[in-house]
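User: Please examine the protein shown below and answer some questions on it.

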Amino acid sequence: MVVGIIVGASIFVQPSAIAAQIATPRGILLVWAAAGLLTLVGSLVVAELASAWPRSGGVYVFLRDAYSPAVGFLWGWAMFWSMHSGIVAAIAVVFARYVGTWIPKGEAGTRATAVAGIVVLTAVNYVGVRQGSAVQAALTLLKVLAVALIVIVGFMAPVAPGAGMTGAPDAAGLSTPAFVAALVAGLFAYGGWHMVSYAAEETVDPVRTIPRALLLGTITVTVLYVGVNAAYLRVLPLAEVRTSTRVVADFADVVIGSGGARLMAALVVLSALGAMNGVILAGPRVYLAMARDGLLFRWLGAVHPGYRTPHRALVAQAVWASVLAVTGSYRALFTRVVYTEWIFFALMAASLFWLRRRPGYAPAYRTWGFPVTPALFVAASAVIVGTQLAAEPVDSAVGLLLVLAGLPVYLIWLRGRAPRASTSLAAPSPASPPAPGDPA
């Protein structure tokens, strides 16, 4: 799940955005490595919290129990209406457009294909977590092998004129807005690393498995990302990487010849399917946890009696993601709101400083480098949010207001339904609903 969700279509788009900001190939690779390191630190924070609270919901549970149900609700609110459903819709549209490489179709056909992708993968996850996990594992293995093949082919190909690892990293750029902008673009390609924590209750030995998955998964992705960008830069001149809108296709045309772009389109389709399946699998576990707490309609927290999956939450997610894909409204929602997840990530990392002094808090895994690493993560998150606010103040303010709009909804909801008290530091209540799904 960690590798499969992170390695989506972004790695075939974001290299150009980063190259546009950084002066040298080695500086570009430094950005990718730094983004991977920051993602790893965030993963270590999630690993500690997941080992303390191995329950469905992940980040929602962490924010709820470290702060208040209101903060957790805002995360779930933003997830459903924009961040998470928007990601599903965006990946589905990328998938549909690249399918058009072999089956040309108009805009209506592209949207229909996007919806079909959402429906099929939702159906797979509806009928069982084992089925969804099997599809995830297969797609992840195939695309990791494909990305590894890009790296191998890239390093076997001759260095193109004007390409290669020429020039030292721009050390001065480490503190410049250009480096920060490039880092933010890189972090977008690492998105989704936290989602494995959503399905903790369906994971075998989650206290050990989730921290291990986060650690190994983020390291694997970082190695792949640095390697594939090194391959791009070895084959393509830096100026071409900067201006390309399809860098992986340009790479394939050079090393394979005509038809290379169509082959790379297959890789993008494969990556998009893997990422979309992982996101579809993960999201409904948050809505399930919120419904259990009385912060969503109880019917959304239903577990299918036969398949043992949160089937109604899966359907609700599919319906809204399909609406966003068909209308194209996911673009505005997603681009305005996606930066706000780093506010929640900062809160999550900052919570370690007082949770470790709270009686009863007993994680099986503790974040390496505490307190330095979470402090650096909080600072980096603040820089990311501040950079976005400065670059696009109007859109950023609109996005923040969309998230905060969940507060009055939460207060209105409380007037009719009081959420249960947090029991995060105690053993689960015997009356708690059964965990969805078979262990996978």
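**Backbone, surface and overall form**

Analyst: Arg 308 counts as partly exposed because its relative accessibility is 23%, where buried means under 20% relative accessible area, exposed over 50% and partly exposed in between (1.4 Å probe, protein chains only). This is a predicted model, in which local features need pLDDT of at least 70 and side-chain atom pairs count only at pLDDT 80 or more, while totals for chains, interfaces and linings use all residues. Residues are numbered from 1 along each chain as its sequence is written, and side-chain values use heavy atoms, with hydrogens and water left out.

User: What is phi of Arg 308 near?

Analyst: Most residues other than glycine have a negative phi. Arg 308 is placed in the loop between helix 12 (260-292) and helix 13 (311-327); helices are DSSP runs (H or I, at least four residues), numbered from the N terminus. Its phi is positive, near 60 degrees.

User: Which residue does a cis peptide bond join to Phe 370?

Analyst: Most peptide bonds are trans. In this cis bond, omega is about 5 degrees.

User: What radius of gyration does the protein have?

Analyst: The radius of gyration is taken over C-alpha atoms, and the globule rule is 2.2 Å times the number of residues to the power 0.38. For 440 residues, a compact globule would therefore have a value near 22 Å. The protein agrees with this, at 21 Å.

Key: Helix = DSSP H or I, 4+ residues; strand = E, 2+ residues; numbered from the N terminus.
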